Amino acid sequence: MRLPKLLAGLALASLGLAACGTSTGGTSNKGDIKIGVELPESGGETSNGIPTLNGVKFAVDQTKTVEGYTLKVSNFDDAVNGVHDPQKGAQNFTDMVGNTKVLGVVGPFNSNVARATIPVANRASLVMISPSNTNECLTQDFPYCDPKPAALRPTGKNNYFRIAAPDTVQGPAMADFSIDTLKATKVAVWSDNETFGKGVADNFGKRIQAKGGQVVVRQDFDVKSTNDFRPFLQRAKDAGAQAIYAGATSATKGCIPRAQMKSIFTTDIPYLGPDGIGDTQCIKDAGDNATANMYFTNAAAEAAQDKANDQLIADFKKGFPQKEDLGAYTFPGYDCAKILLDAIGRAIDLAGGKMPTRDQVVQAVQDTKGLKLSTGTYSFDKNGDPTSATMAFYQYKGGDWSFVKQFSVGQ
């Protein structure tokens, strides 16, 4: 781990986070290399995107230069009217592709944005690495995948990587927790009908049934036009649901049903979800029905569980002191940036000290082996998935999300 050199400039960098083109770094003789960042940074998505962006900024500020090139962050917001938008994401990637100084991108945050942006970056051999994308069909070819991973890569080569565990792990993990730990075998499942939400909900439901449980009600919603989930919740209660699973994010109203459950269910009924609800917005939306019976899975490790990260986290908090500056994907975002910076350094060496090509950077990321970072040790398979990942569980306690446990999973 490189030692951080936090100066006053880091604190200043935490201001204006949602603006495009934000930069950090010192001076250099060789010129600039830009690290693109593509996240939802405004509206209801702020609590997801900004803490992740902070992790990237922190990593770049620690490193400042690579082989004589000055590092800068160029970040783009894909939220439209406060919600992540695939078309906006594709536009952002088009802008980054057009800037030859951008050698790699951390992001996007959401799987449906990834589906729209991978082809744009692929045509330009621009490497992208996501801390949070979990939809399995982005990298793995299952019969139900539409589009197939190959259709997202028009050049026939892979330029996309992620460090998160896929939904084939995340959904089943919460299903196991529901049955084995919470003893809830009859569940009602809903989703926002997006790439991520529907996918993780489907995988959750399959696992529940495989373990002898029942999905007593299953519904996909158009969340743009749906605000009242009580008819679904009433059907769930009538069917004997012992828990509710939300395949959604906070931006797609993931925790609105939790608040509406209060008039239908007793407060002891668990409300379960994926990493998309693991933020402060969910807690706000759940209102006075935010209780200890709310849980979510996170498709990445909790950095604070490794004592080796104590100083790293303390240094981060010096530059980003507000509670909302740190989120579930801050250090996964940090690690993605570190992977990219390590790869760029090796690509520069391969290029004889000159600015490397984007193809060289893609290959350097693919060649990453055993890189120990704050949330794990990373290598990648040919599809761009991590060869090992971590799944963590959180529970609402005392006004915030609290770590419960985590375990490693192989792909």
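**Figure 1. Surroundings of Glu-67 in the predicted model.** Glu-67 touches Lys-30, Gly-345, Ile-348 and Asp-349, where residues up to four places away in sequence are not counted and contact means heavy atoms within 4.5 Å. Glu-67 is located in the loop between β2 and β3; helices (H or I, at least four residues) and strands (E, at least two) are DSSP runs, numbered from the N terminus. With a relative accessibility of 42%, Glu-67 counts as partly exposed; buried means under 20% relative accessible area, exposed over 50%, and partly exposed in between (1.4 Å probe, protein chains only). Between the C-alpha atoms of Glu-67 and Ser-42, which are 25 residues apart along the chain, the separation is 34 Å. This is a predicted model, in which local features need pLDDT of at least 70 and side-chain atom pairs count only at pLDDT 80 or more, while totals for chains, interfaces and linings use all residues. Residues are numbered from 1 along each chain as its sequence is written, and side-chain values use heavy atoms, with hydrogens and water left out.

**Figure 2. The open sheet of 6 strands.** The strand order is β2-β3-β1-β6-β7-β8, with mixed pairing; two strands pair if DSSP finds at least two bridges between them. β2 (65-66) and β8 (160-162) stand at the edges with a single partner strand each, so one side of each is left without a neighbour in the sheet. Strand β6 (residues 102-106) and strand β7 (residues 127-130) run parallel and are joined by 3 bridges. In this pair, Val-106 stands opposite Ile-129 of β7. Helix α3 (residues 86-97) packs on the sheet and touches β1 (32-39), β3 (69-77), β6 and β7. The direction of α3 makes about 175° with that of β1; axes are lines fitted to C-alpha atoms, for helices over the stretch in contact, and angles run from 0 to 180 degrees between N-to-C directions.

**Figure 3. Strand β11 and its parallel neighbours.** In strand β11 (residues 243-247), 5 of the 5 residues are buried, so the strand is largely enclosed by the rest of the structure. Ala-243, Tyr-245 and Gly-247 are buried on one side, and Ile-244 and Ala-246 are buried on the other, so that both faces are covered. Strand β9 (residues 186-191) runs parallel to β11 and is joined to it by 5 bridges, with Val-187 opposite Ala-243. Strand β12 (residues 271-273) is also parallel to β11, through 2 bridges. Tyr-271 in β12 is the bridge partner of Ile-244.

**Figure 4. Packing of helix α2 against helix α11.** The axes of α2 (residues 46-63) and α11 come within 7 Å and cross at roughly 40°. That angle makes α2 oblique to α11; angles under 35 degrees count as roughly parallel, over 145 as roughly antiparallel, 65 to 115 as roughly perpendicular and the rest as oblique. The crossing is right-handed, meaning that the near helix is turned clockwise from the far one by less than a right angle. Residues in contact include Pro-51, Gly-55 and Phe-58 of α2 and Phe-331, Tyr-334 and Leu-341 of α11.

**Figure 5. Packing of helix α11 against helix α12.** The axes of α11 (residues 330-350) and α12 (residues 358-366) come within 8 Å and cross at roughly 120°. That makes α11 oblique to α12, and the crossing is right-handed. Ile-339, Leu-340, Ala-343, Ile-344, Arg-346, Ala-347 and Leu-350 of α11 meet Gln-360, Val-361, Ala-364 and Val-365 of α12.
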